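Q: I would like to go through this model with you. Could we look at it together?

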Amino acid sequence: MIIKNSEFSISSPTIAKCPNDTKNEYAFIGRSNVGKSSLINMLCNHKGLAKTSAKPGKTLLINHFIINKEWYIVDLPGYGYAKNSKTVRNKLEQMIAQYLLQRKQLVNVFVLIDIRHEQQKIDREFIDWLGKSNIPFSIVFTKADKLSVGKAKANAAAWMKKLEDTWEEIPPYFVTSSESKLGREEVLDYIGRINAELAGETLTLPEEPIEEEAQEPAETDEKAE
Ligand code: GTP
Ligand code: MG
């Protein structure tokens, strides 16, 4: 997959405001400050496309970026930033859950994990929830440049191994660094393969953008089929 073109499309507070478009969407999520926005810029080779910050809690809306005019990258706010008030955290969690559960265009979620840390409860609960909700996802380990190559590989493998306590099928995973561009080809090729698999399938949307109250959870079953 070669990225020829990447542009900011829109920032939305609800899915009703997201692009009224049928193109595939790939969402990036993880704890605040894990490196979501940096990874998006690295994948697109486009500094400043997604706003990054050394301070957690930078991304607060659903941000769409259109890639090669064919598919979207979606930058989501980080979860679990303790310094946000409970009200802000709840609001963000609701926004994220609404997007993940109801957005039919969403074909894969990349869950970002800082490669330096052991498996944290908040990440594990989040991916267990994705599984229960039948939302396809893969794991992307970030900041691999902060460890030796051997240690990074070992940490990622140990983290994935821990999933085997309850997961029968282990999702794909990638080891990346936005600094060194490690893992860029692998993630982009993976997206390219999913796009190719789905190329023959068309998604139909209602004529009017979906209003929040008009949504039925059962409709999410049709997603990506
Ligand atoms: P929020 O939007 O606040 O949730 O954060 P985010 O997950 O989008 O993180 P962001 O990309 O803004 O990066 C957070 C910090 O980590 C910044 O200071 C980045 O420079 C740094 N960072 C991100 N990725 C990497 C990486 O691969 N290597 C190193 N060394 N630093 C990174
Ligand atoms: Mg961000």
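**Charged pairs, rings and cores**

Q: Asp21: buried or exposed?
A: Asp21 counts as buried because its relative accessibility is 16%. Buried means under 20% relative accessible area, exposed means over 50%, and partly exposed lies in between (1.4 Å probe, protein chains only).

Q: Before we continue, what are the ground rules?
A: This is a predicted model, in which local features need pLDDT of at least 70 and side-chain atom pairs count only at pLDDT 80 or more, while totals for chains, interfaces and linings use all residues. Residues are numbered from 1 along each chain as its sequence is written, chains are lettered from A and ligands numbered from 1 in the order in which they are written, and side-chain values use heavy atoms, with hydrogens and water left out.

Q: What does the pLDDT look like for the protein chain?
A: The average pLDDT, the predictor's confidence in each residue on a scale from 0 to 100, is 89, and 89% of the residues score at least 70. Over residues 214–225 the pLDDT is below 50. That stretch has 19 contacts in the model beyond near neighbours in sequence, a contact being heavy atoms within 4.5 Å.

Q: Back to Asp21. Which side chain meets it in a salt bridge?
A: Lys23 does, with an N to O distance of 3.0 Å. A salt bridge here is a side-chain nitrogen of Lys or Arg within 4 Å of a carboxyl oxygen of Asp or Glu. Lys23 is partly exposed because its relative accessibility is 26%.

Q: How many salt bridges does the structure hold?
A: The structure holds 9. One of them joins the side chains of Arg103 and Glu25 at 2.7 Å, N to O. This pair links distant parts of the chain, 78 residues apart: Arg103 is in the loop between H2 and S5, and Glu25 is in strand S2. Helices (H or I, at least four residues) and strands (E, at least two) are DSSP runs, numbered from the N terminus.

Q: Are Arg103 and Glu25 buried or exposed?
A: Arg103 is buried, with a relative accessible area of 5%. Glu25 is buried as well, at 0%.

Q: What about Lys121, which partner does it have?
A: Lys121 forms a salt bridge with Glu125, and their closest N and O atoms are 3.6 Å apart. Both residues lie in helix H3, 4 residues apart, which is about one turn of the helix. Lys121 is exposed at 64%, whereas Glu125 is partly exposed at 45%.

Q: Which residues do ring pairs link into a cluster?
A: Tyr26, Phe28, Trp71, Phe110, Phe174 and Tyr190.

Q: Now helix H2: why does its span agree with expectation?
A: At 1.5 Å a residue, the 17 residues (86–102) should span 24 Å, and the end C-alpha atoms are 24 Å apart, so the two agree. The expected span is 1.5 Å times one less than the number of residues. Buried residues in H2 include Leu92, Tyr99 and Leu100. The buried residues of H2 pack against elements including strand S1 (6–12), strand S5 (106–114) and helix H3 (121–132).

Q: Last topic: how many residues has the largest nonpolar core?
A: It has 34 residues, and those with the most contacts inside it include Tyr99, Leu100 and Ile127. A nonpolar core is a set of buried Ala, Val, Leu, Ile, Met, Phe, Trp, Tyr and Cys residues joined through side-chain atoms within 4.5 Å. Apart from this core lies another, of 26 residues, among them Tyr26, Met42, Leu112 and Ile191.

Conventions
Phe/Tyr/Trp six-rings, centres within 6.5 Å; stacked < 30°, edge-to-face > 60°.
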